[in-house]
Amino acid sequence: SVSVRQLAPAIRRNAPYMVGNYRLTAWNPRNAVIFYTDRFLFEPVRSAEELMVWTEALPDWTWLTTTDEFKKLVEEFPGKFYLITAYDKYAYFTLEQNRENIRYDFHRP
C-alpha cells in the first residue's frame, strides 16, 4: 500500500505499539501497517459514538481512517480532532488535546 508506506514515518514516531482503527476493515490495511511501521492496527471502531468512548479512555492514542471518514468526523465534531498527516485515501489523526505531543521530522537527508 503506497498510502500506508507514505504515512509510516509519522506512525512510527507517534504510535509506540498500536494504532487505532476507525472504520477500516479488520484486515485492510492491517498487514501494510504492520509491515511498514512495525505497529499493530487495532480492531475496527465502527461508530463515532464508540470512537468518543475510546478517545476519552485513551486520549494519547493516534488513529488511522479513510480521508472521507476523517472529513465526516471533523464536520460532526469540530475542534475535537487533529490531522497529523494524510496521503491519498488514509488520514492519520489524534485528539486536538494531544496535538502538542505529536512529533514531526522536518530534517531530511
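**Briefing: four helices, five strands**

The protein has four helices and five strands. The model is predicted. Counted from the N terminus, the elements follow the order α-β-α-β-α-β-α-β-β.

**Overall build**

- The protein has 109 residues and a radius of gyration of 13 Å. A compact globule with 109 residues would come out near 13 Å, so the value agrees with that rule.
- Along the principal axes, the C-alpha atoms fill a box of roughly 40 × 30 × 25 Å.
- Buried residues make up 43% of the 109.
- Take the contacts with a separation of 6 or more: 57% of them join residues 24 or more positions apart.

**Surface and charge**

- The accessible surface is about 6,500 Å². Carbon and sulfur atoms account for 53% of that surface.
- There are 14 positive and 14 negative charges. Their mean positions lie 7 Å apart.

**Helix H2 (30-37)**

- Arg-30, Ala-32, Val-33 and Thr-37 are the buried residues to look for in H2. Down the helix axis they fall within an arc of 165°, so they line one face of H2.
- The other side of H2 has Asn-31 and Phe-35, both exposed.
- The buried residues of H2 pack against helix H1 (2-14), E2 and E3.

**Helix H3 (48-57)**

- H3 buries Ala-48, Leu-51, Met-52 and Thr-55. Seen down the axis of H3, these residues fall within an arc of 105°, so they line one face of the helix.
- Glu-49, Val-53 and Ala-57 are exposed on the face of H3 turned away from the buried side.
- The buried residues of H3 pack against strands E1, E2, E3 (63-66), E4 and E5. They also pack against helix H4 (67-76).

**Helix H4 (67-76)**

- In H4 the buried residues are Thr-67, Glu-69, Phe-70 and Leu-73. Their arc, viewed down the axis of H4, is 160°, so they too line one face of their helix.
- Asp-68, Lys-71 and Glu-75 are exposed on the face of H4 turned away from the buried side.
- The cover over the buried residues of H4 includes the strands E1, E3, E4 and E5, along with helix H3.

**Backbone exceptions**

- Most residues other than glycine have a negative phi, and most peptide bonds are trans. The spots below depart from that pattern.
- The peptide bond between Asn-28 and Pro-29 is cis, with omega about 15°.
- Asp-38 is not a glycine, yet its phi is positive, about 60°. It lies in the loop between H2 and strand E2 (40-45). Its relative accessible area is 64%, so Asp-38 counts as exposed, over the 50% cut-off.
- Asp-88 also is not a glycine and has a positive phi, about 55°. Its loop joins strand E4 (81-87) and strand E5 (90-95). Asp-88 has 61% relative accessibility, so it counts as exposed.

**What Asp-88 touches**

- Set aside the neighbours of Asp-88 within four places in sequence. Asp-88 is then in contact with Ser-3 and Thr-67.
- Thr-67 is 21 residues from Asp-88 in sequence. In space, the two are 7.6 Å apart, C-alpha to C-alpha.
- Thr-67 is also one of the buried residues of H4.

Key
Residues numbered from 1 in each chain as written. Predicted model: local features only at pLDDT ≥ 70, side-chain atom pairs only at ≥ 80, totals over all residues. Heavy atoms only, no water. Helix = DSSP H or I, 4+ residues; strand = E, 2+ residues; numbered from the N terminus. Buried < 20%, exposed > 50% of the residue type's maximum accessible area, 1.4 Å probe, protein only. Rg over C-alpha atoms; globule rule 2.2 N^0.38 Å. Contact = heavy atoms within 4.5 Å. Areas by Shrake-Rupley, 256 points an atom, 1.4 Å probe, with all protein chains shown as cover. Lys, Arg positive; Asp, Glu negative; His and termini not counted. Charge placed at Lys NZ, Arg CZ, Asp CG, Glu CD. Arc of directions from axis to C-beta.
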